[in-house]
Amino acid sequence: MPGPLDEEPDDLPPGPRAEPPDTAVIDDWAKAEGVHAARLAKVAGRLGALDDRLLRGPEGWRHRLALIEAADLSWFAGDRVSSDRLALWVSMRLSSVQDNPEALARVGWAVRRLTNGPGPIIDFSAFLDRRDPENIEDVAERFEDRAGGWLDVITAAAELHPITRACMGFHLWSLAGLGQHGDRMEAAVTAARIAASEGRGAVFAPLAIGGAVGLRAAGESRERLARWLDGMESAILSAMRHLDDIERWSARVASVTAPLSGRTPPALCHTLTEWPLVSAPMAEALTGFSRAAVQRNLAWMQTHGLIREVTGQGRFRMWRAMP
């Protein structure tokens with residue numbers, strides 16, 4: 001008679017091991033957060049200071065920072081949309097034959113998402129403007145399923161700091177199957193919104209202003225978070241310095257233009273505060289004043305050292321504030 005089953009030798013080959021759950025990665029990021037707790041607190045404090053500054057400042061500051069961030073992210077993502085092309089596209093939907101329409105659409109989407117609107121956690125598909133087609137094949141992998149897996153991990157990491165969650169979500173983006181052409185832009189914008197999700201003034205946390213060193217993907221979770229914190233702190237400080245400059249410029253231009261009559265000078269000052277680069281057609285469309293009035297006041301401001309023409313050409317000129 002055969003002996004008890006538990007005494008039989010186990011000659012069977014080992015079976016496949018169960019895959020760890022998707023949420024197992026959270027433990028690695030929780031350990032990384034613990035290692036960099038002091039550094040994280042410092043960066044969170046700087047982000048809080050930027051949030052308070054934007055909460056008390058004019059609405060145009062948010063828009064200005066969003067344009068700068070989107071332009072810098074476009075270089076990180078490989079689209080390389082210059083600030084002047086971005087300004088013309090966002091304000092007037094103007095493009096040249098050299099422009100890539102898909103790249104302009106991506107960076108335009110980034111500006112919209114960095115400026116306002118609900119965050120990615122509320123409605124992820126609407127945030128990305130991506131949905132499965134109605135006639136998708138049954139065997140095809142659905143975007144809804146891929147997005148659901150990524151959101152499950154982000155939701156399960158609710159105990160982590162929003163900055164850590166943003167970093168984790170950014171680096172899990174391609175692993176979740178969300179990658180496509182332009183996915184690095186989407187991943188960065190989504191992470192920027194998650195990092196600032198607890199703020200009231202800052203719609204996003206700067207990641208690329210002055211350089212996108214924190215977005216480089218290399219190393220373990222601990223190394224990636226350290227690089228993320230360094231890059232975010234640098235971007236926040238660059239954003240704060242930029243706000244310092246434009247605030248000083250606004251005070252100076254208000255004093256210099258005080259003797260001028262009419263509504264065009266104040267409207268131009270507001271436009272130059274909100275947009276890093278402005279052309280005469282842009283100013284005409286944004287302020288509602290005539291081209292002649294706009295050009296006359298731009299020439300006067302340039303003569304008095306308030307603005308500088310940056311294109312160096314006779315046509316299609318653009319100006320920027322001179323802090």
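Phe76, Phe170 and Trp228 form one aromatic cluster, where rings of Phe, Tyr and Trp (its six-membered ring) pair if their centres lie within 6.5 Å, planes under 30 degrees apart counting as stacked, over 60 as edge-to-face and the rest as tilted. The model is predicted, with local features needing pLDDT of at least 70 and side-chain atom pairs counting only at pLDDT 80 or more, while totals for chains, interfaces and linings use all residues. Residues are numbered from 1 along each chain as its sequence is written, and side-chain values use heavy atoms, with hydrogens and water left out. Helices (H or I, at least four residues) and strands (E, at least two) are DSSP runs, numbered from the N terminus.

**Aromatic pairs**

- A search of the whole structure finds 6 aromatic pairs; among them, the rings of Phe124 and Trp150 have centres 5.0 Å apart and planes at 10°, so this pair is stacked.
- Because Phe124 lies in helix α6 and Trp150 in helix α7, the pair ties together parts that are 26 residues apart in sequence.
- Phe124 is buried at a relative accessible area of 4%, and Trp150 is buried at 3%, where buried means under 20% relative accessible area, exposed over 50%, and partly exposed in between (1.4 Å probe, protein chains only).
- The rings of Phe170 and Trp228 have their centres 5.6 Å apart and their planes at 45°, so that pair is tilted.
- Phe170 in helix α8 and Trp228 in helix α10 (residues 221–256) link distant parts of the chain, 58 residues apart.
- Phe170 counts as buried at 9% relative accessibility, and Trp228 is buried with a relative accessible area of 1%.

**Charges over rings**

- The charged end of Arg184 sits over the ring of Phe76, 4.3 Å from its centre, the criterion being that NZ of Lys or CZ of Arg is within 6 Å of the ring centre and within 35 degrees of the ring normal.
- The charged end of Arg113 sits over the ring of Phe127, 5.7 Å from its centre.

- Helix α7 (residues 143–156) has 14 residues and should span 20 Å at 1.5 Å a residue, which agrees with its end C-alpha atoms being 20 Å apart; the expected span is 1.5 Å times one less than the number of residues.
- The buried residues of α7 are Phe143, Arg146, Ala147, Trp150, Leu151, Val153 and Ile154.
- Seen down the axis of α7, these buried residues fall within an arc of 155°, so they line one face of the helix, the arc being that of the directions from the helix axis to the C-beta atoms.
- The exposed residues Glu144, Asp145 and Asp152 are carried on the face of α7 turned away from its buried side.
- The cover over the buried residues of α7 includes α1 (25–35), α6 (124–128), α8 (162–172) and α9 (183–195), with contact meaning heavy atoms within 4.5 Å.
- Not counting residues up to four places away in sequence, Phe124 touches Ala147, Trp150, Leu151, Trp173, Leu178 and Thr190.
- Phe124 and Glu144 are 20 residues apart along the chain, and their C-alpha atoms are separated by 9.3 Å.

**Salt bridges**

- A search of the whole structure finds 14 salt bridges, each being a side-chain nitrogen of Lys or Arg within 4 Å of a carboxyl oxygen of Asp or Glu.
- One of them joins Arg53 to Asp244, the closest N and O atoms being 2.6 Å apart.
- Since Arg53 lies in helix α2 (residues 37–56) and Asp244 in helix α10, that pair ties together parts that are 191 residues apart in sequence.
- Arg53 counts as buried at 12% relative accessibility, whereas Asp244 is partly exposed with a relative accessible area of 29%.
- Arg62 forms a salt bridge with Glu59, with the closest N and O atoms 2.7 Å apart; both residues lie in helix α3 (residues 59–77), 3 residues apart, about one turn of the helix.
- Arg62 counts as buried at 13% relative accessibility, while Glu59 counts as exposed at 53%.
- The side chains of Glu284 and Arg291 meet in a salt bridge at 2.6 Å, N to O; Glu284 is partly exposed, with a relative accessible area of 26%, and Arg291 is partly exposed at 35%.
- Arg39, Lys42, Arg46, Asp230 and Glu233 are linked in a network of salt bridges.
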